[in-house]
Amino acid sequence: MRVIYLRKSRTLLLALGALIVTLCLVIYPKDGLQAAEEGLKIFWEIVLPSLLPFFVLSEILLGLGAVHFLGVLLEPLMRPFFNVPGVGAFALSMGLAAGYPMDAVITAKFRRSKLCTRVEGERLLAFTNTADPLFMFGAVAVGMFARPELGILIAAAHYLASFTVGFIFRFYKNSAQERQKLDSLQNEGNILRRAVRALFIARREDGRPFGQLLGDSVKESMGTIFMIGGFIMLFSVFVRILTVTGVMGAIYPLVGGVLRGFGLAPELSGAFMAGVLEIDLGCIAAARASAPLAHRLILASAIIAWSGLSVHAQVASVVYGTDIRMVPYVIARLLHAVIAGIYTFLLLGPFAFLSSTMGLDITYGPIKGLERMILSGKHLLFIIGALLLMALLNYLRQRYALIVINPAKDCKRL
């Protein structure tokens, strides 16, 4: 009875909220239109060209069995460190190269294809949900802060925090069966032969001709990308409505007190509230706030790690239809935000020293269209190559013991 009451109350609240937002759009049509145009611009110039090719590519690679091939090769890396199957490295690589919500799209496909369990899917979402380097180096460091050298600091804190969350979540619902699977990795046969076998089996099970596979990949990817664009426009309008109606302003004093308790300037209240809802708006507000640079950087790093309710809604819509739950994902985002802020604080001192002595400066500048896709592709190839190298080294470490011979000691024994 109580469950039914809660369900009805939630339905009423959602209906009331939707009605209020609709009335606000009627009252403030100009603000709503401007916000929708800004969201559409972000989608058309950044999201569509940077994500669509990777959506199509991931579908094709899954259908051809290439992901299964990489999964076997990368199992010696992903299973010991993050307790996820080797195919998780593909989601990690795509997330690092293309950004939100690429990892969620691929993880949902893995779960539907039975390439991971529900718990493994939740672990994957916990640490593969990352911003792409083009966003941090180009959009945030150059476009928002106008300080290209800050991109290194922001990216380092973001990725270190992500891997830390992944290592923490390796213990999430760790079972005896998974520990047994980890131990069996050291006793399995030739890894390359198993990888090739996995590729052929996956291709045979898919069975679609390449033309049909290509058409299905484009069709499914277009549906997903336009759904993401709709969420971006919706949350852009939602943030503007909250601003013009004064709701955001009413919450600022309370948020300012919380920020002051964490040692941050209360002037960042607006950026904090915007970042809770949407990552781009939050980072822009943090960059423009009248607060010390260190405080603005810490908050920007936390906002990028949190990624905003807009991205959370995109992830929820992508994993809908699977049994992957959103609660572990949200907990991981909170943990990622806190750890990223701490890492940023810890790295500020060494970064200031290195940037002054070595002149660190990685600048992308304004990136659009084809150039963005090419850079993301280069990042993807570099990341997969680095992961394969680490997997190979870890595989060799597990399979072969290093014997050190001490000649002097051996001669004494003789």
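**A friendly note on the buried parts of this model**

1. Let's start with a cysteine. Cys283 has a relative accessible area of 0%, and because anything under 20% counts as buried, Cys283 is buried. Please keep in mind as you read that this model is predicted.

2. Now look at Cys24. Its relative accessible area is 12%, so Cys24 is buried too under that 20% cut-off. How many disulfides does the structure hold? The count is zero.

3. Cys283 also turns up beside Ile304. Leaving aside neighbours within four places in sequence, Ile304 is in contact with Cys283, Ile279, His158, Ile154, Val140, Met136, Phe135, Ala131 and Tyr100.

4. Which residues touch the most other members of the largest nonpolar core? They are Ile304, Phe135, Phe110 and Met78, in a core of 89 residues. Helix α2, spanning residues 29-64, gives the most to this core, with 10 residues. There is also a second, separate core, made of 13 residues, and Trp306, Phe169, Ala126 and Ala337 are included in it. As background, nonpolar side chains tend to be buried together in soluble globular proteins.

5. Is Ala141 buried or exposed? Ala141 counts as buried because its relative accessibility is 0%. If residues up to four places away in sequence are not counted, Ala141 touches Gly151, Leu150, Pro148, Arg147, Ala146 and Met136. Take Gly151 from that list: Ala141 and Gly151 are 10 residues apart in sequence, and their C-alpha atoms are 5.0 Å apart in space.

Note on methods
Residues numbered from 1 in each chain as written. Predicted model: local features only at pLDDT ≥ 70, side-chain atom pairs only at ≥ 80, totals over all residues. Heavy atoms only, no water. Buried < 20%, exposed > 50% of the residue type's maximum accessible area, 1.4 Å probe, protein only. Contact = heavy atoms within 4.5 Å. Core = buried A, V, L, I, M, F, W, Y, C linked by side-chain atoms within 4.5 Å. Helix = DSSP H or I, 4+ residues; strand = E, 2+ residues; numbered from the N terminus. Disulfide = S-S within 2.5 Å.
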